[in-house]
Amino acid sequence: MAGQGFKYRDKLLATKKLISTVFYHDKEIIDLLMASFASRAHLCLLGARGGGKTHGCEALLATIDDNIKAVAQGYLSAEMEELFARLNVAELMRGREEVITTELATARVKFFDEIQRLGPSAMCALFRLLTKGTIIYMGKEVGARPFWVLATANPTEQANDMLNVALPEPLWDRFEAVAWVPMPRLKYLLKINGKEELMKENMPRIWGEEELLGLWAEVEAIKVPEEVDRIATIMVRICQFCQYAEGYDGSSLTEAQKRELCSRCNSSYICSRIARPPSVRAKRALIRLAKGYAYLEGRHEVTLEDIKRAWPYVMRQRITLMEEAEVADKAKALIKLCDDILNEVKEAREALKLVEELKKEYDDGKMAALERWVASKVWLLEVKEELDSYFKELHDKLLLKWEEAEAKGDKATMLKIQAVASKKLPPELRKDFEADIEVEVELSPQVLAKVAKTDRGLFKALKAKMEAGETVAKLRGRAALIWLALNLPVKGGEN
């Protein structure tokens, strides 16, 4: 049964139902709010004034115990001292430094309304809070782990309102999810009757500290299948990839450089649609928010559908699309990008399978097929390079053992190493395992019987010589190594 074993999911669903009675908006916005809350994915809701973003947040906050939540209203003079911590002036006048911390610094749930109006020191404190989980004031570190940050911002006012500041890219990167809350559609506006504020104030308190920590622990424990985790990693890396950039890192380029390079490259590549790629934090954010969606649906494992739902919110502020200025609906464009990347990964599964097969046993035909895949999907260059690194590491390990065995005269071990190298390494790396040995041997039915148990090919070759009347044979390289490994007699010793 879906949700079986989850102790706090019913409370989450009850919370969702309560919010829906006062916050009239698209189901997806409410689901995002619930999934972020359940997974502790720090969330910022964007929107113009009057769109309901603050109202939706307050509806959720109304279900949380006052003792574990704190609210901050952004305004230009809101600095560190007003929001997080300050010196005790009375004690300072007595010559003693005492730091007074606010509820916002220690609350489990922290709500920042209109963060584009925060002052510089408060903005820096918020950045550290999202990065390290604590704030530092006068050498004192304060914070409560785990915690969740919920915020709103109105980017439409930044251009003409002197009370607003542009939020830096590193700060956006610390929010796991960002979403635009559009103005409610007509069908929702018709429901508004003025009683919503009173209903919101009278909501029952569902979440105390014990319940909240229990919820977060259950969601954190949701499993992520290895295949889903791998696909999420590849999806983010495809967005970051640029074959011309240093280390294939598209973020090392300016948007102008990226645009110019992409204009001369293959326009069918997914990476050519991205002017500014996401950071590595995007992968962790995808997994965290996806766990929230899985929990909301009552699943104990994350699926690709959960990754897809999380994608547009995780990537909204992390990705700048190549035609960003012409994109009217970024969420829709990001969903399309996600679908295309998943198709890209699905199509490349054969290439990824080839890599695993080549690691088990080298094959010229399979390597040629992989190189054709790389030519058609340039991001597979890194997959091919990872395979080459695997071969090089295996070669170096085998060579070390080979040299030790050669120094000891351990022909049996040399033969084993040669067999492994022959099976698992490409031709150019096998050359170091060719034994420079030559022996002259006398042929007899007895020695051929011993050879037959080890190597059928050598046995047949020597048997043919005997049947042709030859009683002596010269063996070189691998054939000589086999003979010596079997401790068979040689004429005059080995060369």
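1. Contact here means heavy atoms within 4.5 Å. By that criterion, and not counting residues up to four places away in sequence, Trp 311 touches Met 235, Cys 239, Leu 286, Ile 319, Leu 334, Leu 337, Cys 338 and Ile 341. The model in which these contacts are found is a predicted one.

2. Trp 311 belongs to the largest nonpolar core, which has 124 residues. Together with Leu 215 and Leu 289, Trp 311 touches the most other members of that core. Helix α14, residues 281–296, supplies ten residues, the largest share of this core. There is also a second, separate core of 34 residues; Met 80, Leu 83, Ala 105 and Ala 122 are among them.

3. On the overall make-up, the protein has 24 helices and 13 strands. Its radius of gyration is 33 Å, whereas the globule rule gives 23 Å for 495 residues, so the protein is more spread out than a compact globule. Along the principal axes, the C-alpha atoms fill a box of roughly 110 × 55 × 50 Å.

4. As for contacts between residues at least 6 apart in sequence, 74% join residues at least 24 apart.

5. The protein carries 77 positive and 77 negative charges.

6. Helix α3 covers residues 53–61, and eight of its nine residues are buried, so the helix is largely enclosed by the rest of the structure. The buried residues are Lys 53, Thr 54, His 55, Gly 56, Cys 57, Ala 59, Leu 60 and Leu 61.

7. Is Lys 359 buried or exposed? Lys 359 has a relative accessible area of 16%. Buried means under 20%, so Lys 359 counts as buried. This lysine lies in helix α17, which runs over residues 349–360.

8. Which residues is Lys 359 in contact with, leaving aside its neighbours within four places in sequence? They are Glu 386, Leu 387, Tyr 390 and Lys 424. Ile 29 is 330 residues from Lys 359 along the chain, and the C-alpha atoms of the two are separated by 45 Å.

Notes. Residues numbered from 1 in each chain as written. Predicted model: local features only at pLDDT ≥ 70, side-chain atom pairs only at ≥ 80, totals over all residues. Heavy atoms only, no water. Helix = DSSP H or I, 4+ residues; strand = E, 2+ residues; numbered from the N terminus. Rg over C-alpha atoms; globule rule 2.2 N^0.38 Å. Lys, Arg positive; Asp, Glu negative; His and termini not counted. Charge placed at Lys NZ, Arg CZ, Asp CG, Glu CD. Buried < 20%, exposed > 50% of the residue type's maximum accessible area, 1.4 Å probe, protein only. Core = buried A, V, L, I, M, F, W, Y, C linked by side-chain atoms within 4.5 Å.
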